[in-house]
Amino acid sequence: MTDLQKLTIGKALNLGLRRAMEEDPKVLIMGEDVGKLGGVFRITDGLQKDFGEQRVLDTPLAESGIIGTAVGLAVRGFRPVCEIQFEGFIFPGFDQISSQLAKLHYRTQGKVKMPVVIRVPFGGGIGAVEHHSESPESLFAHIPGLKVVSISNAVDAYWGIQQAIKSDDPILFFEPKRLYHSGALRAEIDTDGTAPPVFSSQVVREGTTATVVAYGPSVKVALDAAAAAEDEGHSLEVVDLRTLSPLDLGPVFESVRKTGRLIALSEAPSESSLTSEIAARVQQECFYSLEAPVLRVTGFDTPYPPAKLEEHYLPDLDRVLHAVDRSLAW
Amino acid sequence: MPSEQWTHPEPGDGPAAVAAQPSPEQVIAGLRATSEGGAELTQLLTPEGERVPSPQFDKYVDDIDAEALRGLYRDMVLVRRADREANAMQRQGQLGIWVPLLGQEAAQIGSGRALRANDMAFPSYREHGVAFARGVDMKDLLGIFRCTDHSGWDYQRHGFHPYTIVIGNQVLNAAGYAMGQKFEGKVGDDDGEATIVYFGDGATSQGDVHEGFVWAAVYDAPLVFFCQNNQWAISEPTERQSRLPLYQRARGYGFPGIRVDGNDVLACLAVSRWALDECRHGNGPVLIEAFTYRMDAHTTTDDPTRYRLSDELEEWKLKDPIERVRAFLARGGGADQAFFDDVQAEADAFAADLRDYTFNMPEPPPDRIFSNVYAEGNPVLEAQREEFLSYLDGFASAGEH
Ligand SMILES: Cc1ncc(C[n+]2csc(CCOP(=O)(O)OP(=O)(O)O)c2C)c(N)n1
């Protein structure tokens, strides 16, 4: 029997978490305000009511504490899912993430497993004050031992969170916060079906003129740009990266060999970032197929500006199309 | 003196058959002290507006005659009125977000007015009342909440550091600043300098706050830790952060901790003056737990009805920080109705001015994004700025045709 449900990304995450908790009593949810309040974005809404305070922990207000104790709980056989309230507040926990979470498996020659998921709402576009709009994912992709993924749609949210929880590796799970409750991204999900492969890149729109690779909230921007480009007679192929570490660039290489042009799109500052890595690897693998240099459309190399300026800071459809024009003019 | 809430067996006695645990009532009594604030609460003015004598603290408010008290009253009314106006403006879409201070006026004005010009205050993000007391134009706060700016005042001139949103960070920064005051020989006598740092009860769980306690203690930094325990960290009650009343933690770090009625402006002034005095003379640090209540939402994006009962709010309304001063002044003849009416009129005008200013606040120019990232410039960024400006120009010239 199929159970088709039309869900937003937020609801899909909530349902995915619920399923994971039902299936495995060792799954815990922990974070600030995740219990009674259901998290500041309500992603864990109702879970404490149904699973109790020992499985959905309203923790003291300390990120190093949340992640550090999750490490210990994992050593004890639990599968903690930590919520960081906003990406800008992950840094008090950075030490625990990079020094312990990422390295214990290696340090113990595989004896200790770290099935910990850290959910991180990230990205801009919500008109917030400082520390609520950043894109720090490249910092984590740079740490060996961590897996980093980012979802862009409700189907991946539902399945991705469950697969992340099942994984024995520590996973940083970046969620596009401005799309949580987007009605336009509501998707029909067969919640009882079989999980599609989630942690691999995927072509989400086929095209021939140029490729745009993006992840998280930028995938929607890329798809909107592709729709707009069609009116100008350009056919853009869009690849959703989904897995940021390890990068699954196979589908990107394939696409670039077809289109000859690549735009790497992300909200994060560009210097020493995921888009830098993509550009380097694509020129290495696809040098003879490229008709133009890989171009990047990113946030600027500045702190995230006051929100009144974020429309300028965040890459939008126009900036993607501008890059396509520059690529084609080569 | 701090009272123990429960007793563990002494090490030599061996483990008790059943570990001694505080009863829920003991925990609630110690942490929340919902009725009177607990036995250790320093209070000079009751919620009914009666003056309570204090052998220890009266001398710190000797100079507060009726006129000075009217001044404190006025401060609180103006700050509350500005807070309500900003809250309303957020609801009307004029501010992106607002962080209400409703209920915390006495803690902020009392401590803020205890500071001297050379002292330094490190706020978190709700300290609009302290800002006011430090002479910051409240208009200069609004850019943060309208999202045109990250900070809008001259921190040196006002002795008021930029707001800090990442919980607890400012506590270490303040410890460092206070160490600097010490290293420069600015403590030791009546003219000494001191620093005060503001944080919430939730913040006390952060490592940075613990480390701030350690640093300030081992370097004898002239730092007053001012914890506004407003009972809630968004949806989480104080019980989720601590098993002991927070002021009692200080003892473990080797400095005094004191709990003051955070809704009593006179007590907050007296205790802060005492603590700052200790610091000025080189006896710091000190922890003050101002026992108060956040009467409104955490921020305008929060919904407190999901996690707290209206009974609690009703109970705290009876302890309103402004009403008790009003009652005291009125009863003792320190102020008449004309005074209260004047202050209200002044507050309304103050709010109207803030409103006008907010509605007319200019948008920052787009290339502000690139300003002040570095003190010494950065060629990569300069190139990015140029490219961005010519990209924007492209739209402008396209639009002209
Ligand atoms: C490091 C960090 N984690 C999480 C947050 C999100 N957050 C903002 S305010 C807040 C609660 C703070 O409570 P408390 O310290 O008691 O101060 P209050 O707001 O009550 O004055 C939280 C969790 C943050 N700003 N910084």
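Colleague: Which side chain meets that of Glu23(A) in a salt bridge?

Modeller: This is a predicted model, in which local features need pLDDT of at least 70 and side-chain atom pairs count only at pLDDT 80 or more, whereas totals for chains, interfaces and linings use all residues. Residues are numbered from 1 along each chain as its sequence is written, chains are lettered from A and ligands numbered from 1 in the order in which they are written, and side-chain values use heavy atoms, with hydrogens and water left out. A salt bridge here is a side-chain nitrogen of Lys or Arg within 4 Å of a carboxyl oxygen of Asp or Glu. By that rule, at 3.4 Å from N to O, the partner of Glu23(A) is Lys166(A).

Colleague: Why does this pair tie together parts that are 143 residues apart in sequence?

Modeller: Helices are DSSP runs (H or I, at least four residues), numbered from the N terminus. The pair ties these parts together because Glu23(A) lies in helix α1 (residues 9-23) of chain A and Lys166(A) in helix α7 (residues 154-166) of chain A.

Colleague: What area do chain A and chain B bury between them?

Modeller: The contact (heavy atoms within 4.5 Å) takes 44 residues from chain A and 40 residues from chain B. Buried area is the accessible area (1.4 Å probe) that two parts lose on being put together, summed over both. Of this area 62% is on carbon and sulfur atoms, and the total is about 3,500 Å².

Colleague: Which residues lie closest to the centre of the largest cavity?

Modeller: A cavity is a set of points, on a 1 Å grid over the protein atoms alone, where a 1.4 Å probe fits but cannot get out, and its lining residues have an atom within 4 Å of a point. Grid points are joined across faces, edges and corners, and a volume is the space filled by probe spheres set on the points. There are 6 cavities of 30 Å³ or more, and the largest holds about 100 Å³ of space. It is lined by 15 residues, and those closest to its centre are Ala128(A), Val129(A), Glu130(A), Pro306(A) and His150(B).

Key:
Helices (H or I, at least four residues) and strands (E, at least two) are DSSP runs, numbered from the N terminus. On a 1 Å grid over the protein atoms alone, a cavity is a set of points where a 1.4 Å probe fits but cannot get out, and a pocket is an open set with protein on both sides within 12 Å along at least five of seven lines; lining residues have an atom within 4 Å of a point.
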